[in-house]
Structure formats: structure tokens, C-alpha cells
Amino acid sequence: MRWIALLTLVLLAACSKPQPPIGKWEGGYEGKGVLVVARVEILANGQVKISAPDLTNQQGATFEQMARSRARLATELTNMWPDVAPRVFEFDGKTFRKPDGIAPQMVWDEKTNQMTLQLYFGANPALPVVLRPVNEFNENPFGAG
């Protein structure tokens, strides 16, 4: 009789829906003519706040132009963050997708607590933007955190 209770408990645990990690991640990406700054916050209720302002077609920009663009995007991210509405994503223990969606939106590495945003620009393949976990968001998401 005891083994039936244990088997039931194991089956229930196996069927339970994985819970997304609660926390904050941020980072940036610069390359292939694209500049992105990003923040992700997963709330206790599992909803996700996400913002990733970007600039494209930055090929040929000078170092000074890129520095100004990074600062502009970082300021934009900070200023718009309070107005970012939480959203629901489906989470399978590793990958976040829009409800009933196919394309990965974020991928979480449990071992490193690293989050990778998958950004889609036009018909191009997803651009992975690696985010690091942070206790608090920084004014400069490119920073060492």
C-alpha cells in the first residue's frame, strides 16, 4: 500500500509543470550591425517583464557613434522599464515560448543561471543575446554587473 502512495507522488511530481526561475537578468549585444540592450525580470507569479531596445544597420559606425548609441539605448531601457507590462510565457524547464508558440523567446541554463534572449529581426535566424543574472538592474546593462 505504501508503494502505491509513493508511486502516486512520483507520478504527480513528474507531471507537474516546471516553474520558471525567479530573478533578474540583463546584458547587451553588439555585432553584425546590431546593437541591443536587454532586461528580463521573472516575477514570483511566473510572469515575465522583458524589454530589449535595439538599433540595426550600425555597420560602419565609428567607436564614438557606437558609444553614444549604447548610452542612448541604456537610457531608453532604464526610462521605459517602469512601464513594461508583465507577460505570460510557456516554460518547459529550459525554453520560454509565447503561449501556443513554436519559436523560442528565451532559453535558461539552470547550471549557470544564464538567460539567452532569442531576438528575431526580419527573416533572419534568431539572434542570441546572452544575459547575466543580477540582483539589481544597472544603468549600464553592458557593465560587468
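Reader: What makes Arg97 count as partly exposed?

Author: Its relative accessibility is 24%. Buried means under 20% relative accessible area, exposed means over 50%, and partly exposed is in between, with a 1.4 Å probe and protein chains only. The value of 24% falls in between, so Arg97 is partly exposed. The model is predicted: local features need pLDDT of at least 70, side-chain atom pairs need pLDDT 80 or more, and totals for chains, interfaces and linings use all residues. Residues are numbered from 1 along each chain as its sequence is written, and side-chain values use heavy atoms, without hydrogens and water.

Reader: Why is the contact of Arg97 with Asp92 called a salt bridge?

Author: The closest N and O atoms are 3.6 Å apart. The rule asks for a side-chain nitrogen of Lys or Arg within 4 Å of a carboxyl oxygen of Asp or Glu. Because 3.6 Å is within that limit, Arg97 and Asp92 qualify. Asp92 is partly exposed, with a relative accessible area of 46%.

Reader: How many salt bridges does the rule give?

Author: Four. One of them joins Glu136 to Lys24, with the closest N and O atoms 3.3 Å apart. Glu136 lies in the segment after strand E9 (127–134) and Lys24 in strand E1 (residues 23–31), so the bridge ties together parts 112 residues apart in sequence. Helices (H or I, at least four residues) and strands (E, at least two) are DSSP runs, numbered from the N terminus.

Reader: What about Glu30 and Arg70: which parts does their salt bridge tie together?

Author: First, the distance: the closest N and O atoms of Glu30 and Arg70 are 2.7 Å apart. Glu30 is in strand E1 and Arg70 in helix H2 (residues 63–80), so the linked parts are 40 residues apart in sequence. Arg70 has 19% relative accessibility and counts as buried. Glu30, at 42%, counts as partly exposed.

Reader: How do you know that the charged end of Arg70 sits over the ring of Phe63?

Author: The distance from the ring centre is 6.0 Å. The definition wants NZ of Lys or CZ of Arg within 6 Å of the ring centre and within 35 degrees of the ring normal. Arg70 is listed as sitting over the Phe63 ring.

Reader: Why is the pair of Trp81 and Phe137 called edge-to-face?

Author: A search of the whole structure finds three aromatic pairs. In this one the centres are 5.1 Å apart and the planes stand at 70 degrees. Rings of Phe, Tyr and Trp (its six-membered ring) pair if their centres lie within 6.5 Å; planes under 30 degrees apart are stacked, over 60 edge-to-face, and the rest tilted. The angle of 70 degrees is over 60, so edge-to-face it is. Both Trp81 and Phe137 are buried.

Reader: And what makes Phe91 and Trp108 a tilted pair?

Author: Their centres are 6.3 Å apart and their planes are at 55 degrees, so the pair is tilted. Phe91 is in strand E5 and Trp108 in strand E7, 17 residues apart. Ring pairs link Phe91, Phe96 and Trp108 into a cluster.

Reader: How do you know that strands E7 and E8 pair?

Author: Four bridges join strand E7 (residues 104–109) to E8, in antiparallel fashion. Pairing requires at least two DSSP bridges between the strands, so E7 and E8 pass. Val107 has Thr116 in E8 as its bridge partner.

Reader: Why is strand E8 called largely enclosed?

Author: Five of the six residues of E8 (residues 114–119) are buried, so the rest of the structure largely encloses the strand. E8 also pairs with E9 in the antiparallel sense, over five bridges.
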